[in-house]
Each structure stands twice: as C-alpha cells, then as structure tokens.
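The following exercises concern the geometry and solvent accessibility of selected residues. Each task is followed by a solution in steps.

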Amino acid sequence: MTTPNKTPPGADPKQLERTGTVREIGSQAVWSLSSCKPGFGVDQLRDDNLETYWQSDGSQPHLVNIQFRRKTTVKTLCIYADYKSDESYTPSKISVRVGNNFHNLQEIRPCVLHEVNEESMSFQVSE
C-alpha cells in the first residue's frame, strides 16, 4: 500500500499536464455532489480557478461522485485544499472509494488532511 504523495504547494496542474506528469481525465466522467450551496457546485469545483470551490450544504457525509461511462483505470487523484480560503469547509478526512456502481463501493484510500495554508495531495489509487 502506498502513502499519499504531496505535490509542491502551488504546483500548476496545467504545467504538470503539459510535461506529461499527469493527464486530466475528469472531463470523461459525470460529476455529482451530495449537496452544494448555490454558486458553489460542480462547475466551481472543476473550473481550474483556485479562487472558486465546492461548498456543501446539508448533512454529512459530503460526497463528490465521479462516474466514468466505461471501465477506467485511475492511478492518481489530485486534490487541492486551501484552508485559508475555505475555512471550516475544508475537509479533514477523505475516503477514496471505487466500484462498478454506487452500491458496491469499497474504500481503497483513507486520508487525513492536516491544516496548512495550501495543500495539494496526490493519492496513488492503484498499487
């Protein structure tokens, strides 16, 4: 089992993509949220603007569901968290789960985020 790898704070995901370090495949998926406040939904989560973000609204757990139309191998999941901007809405625990449908998801990577100003996390989701 591997541990989360931190990318340098402020790393530019577009630069990592240009150099071939990562390949963004999120556009091939259907994204949904368990809840969100108006103006803080999937569009803001995915807009490549570090000033915007998803803000949940409702009871926990707060979920981001990413469903691919066909079987897709994901090796790394990158998440950007900014405690200074997101305040109390920044997650402290993240659980990465995979499966063939919503009812057979299995956790493969639990992770605890520590409060820092900015943190970019890369999770190795395959061994």
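**Exercise 1.** Is Y53 buried, partly exposed or exposed?

*Solution.* The model is a predicted one. The relative accessibility of Y53 is 22%. Buried requires a value under 20% and exposed a value over 50%. Y53 therefore counts as partly exposed.

**Exercise 2.** Determine how many aromatic pairs the structure holds, and classify the geometry.

*Solution.* Step 1: the structure holds one aromatic pair. Step 2: the partners are F40 and Y53, with 5.5 Å centre to centre and 40 degrees between the planes. Step 3: stacked applies to planes under 30 degrees apart and edge-to-face to those over 60, the rest being tilted; the pair of F40 and Y53 is accordingly tilted. Step 4: F40 is located in the loop between β2 (29-33) and α2 (42-45), and Y53 in the loop between α2 and β3 (64-68), so the pair ties together parts that are 13 residues apart in sequence. Step 5: F40, at 27% relative accessibility, counts as partly exposed.

**Exercise 3.** Describe the location, accessibility and contacts of S35.

*Solution.* Step 1: S35 is found in the loop between β2 and α2. Step 2: its relative accessibility is 15%; with the limit for buried set at under 20%, S35 counts as buried. Step 3: neighbours within four places in sequence are left aside, and S35 is then in contact with W54, Q55, S56, D57, G58 and H62.

**Exercise 4.** Which residues form a nonpolar patch on the surface?

*Solution.* Step 1: the patch consists of L45, V64 and I66, which together have about 190 Å² of accessible area. Step 2: V64 is placed in strand β3. Step 3: membership of a patch requires over 30% relative accessible area; V64 has 34% and is partly exposed.

**Exercise 5.** How many disulfides are counted?

*Solution.* Step 1: the criterion is a pair of cysteine sulfur atoms within 2.5 Å. Step 2: by this rule the count is zero. Step 3: as for the accessibility of cysteines, C36 is partly exposed, with a relative accessible area of 35%, whereas C111, at 8%, counts as buried.

**Exercise 6.** Locate L113 and state the separation of its C-alpha atom from that of A81.

*Solution.* Step 2: L113 has a relative accessible area of 6% and is buried. Step 3: L113 and A81 are 32 residues apart along the chain, and 8.9 Å separates their C-alpha atoms.

Notes: Residues are numbered from 1 along each chain as its sequence is written. This is a predicted model: local features need pLDDT of at least 70, side-chain atom pairs count only at pLDDT 80 or more; totals for chains, interfaces and linings use all residues. Side-chain values use heavy atoms; hydrogens and water are left out. Rings of Phe, Tyr and Trp (its six-membered ring) pair if their centres lie within 6.5 Å; planes under 30 degrees apart count as stacked, over 60 as edge-to-face and the rest as tilted. Helices (H or I, at least four residues) and strands (E, at least two) are DSSP runs, numbered from the N terminus. Buried means under 20% relative accessible area, exposed over 50%, partly exposed in between (1.4 Å probe, protein chains only). Patches are made of residues with over 30% relative accessible area and no salt bridge: like charges are joined within 9 Å, nonpolar side chains (Val, Leu, Ile, Met, Phe, Trp, Tyr) within 5 Å. Accessible areas come from the Shrake-Rupley method with a 1.4 Å probe; for residues, only the protein chains shown count as cover. A salt bridge is a side-chain nitrogen of Lys or Arg within 4 Å of a carboxyl oxygen of Asp or Glu. Contact means heavy atoms within 4.5 Å.
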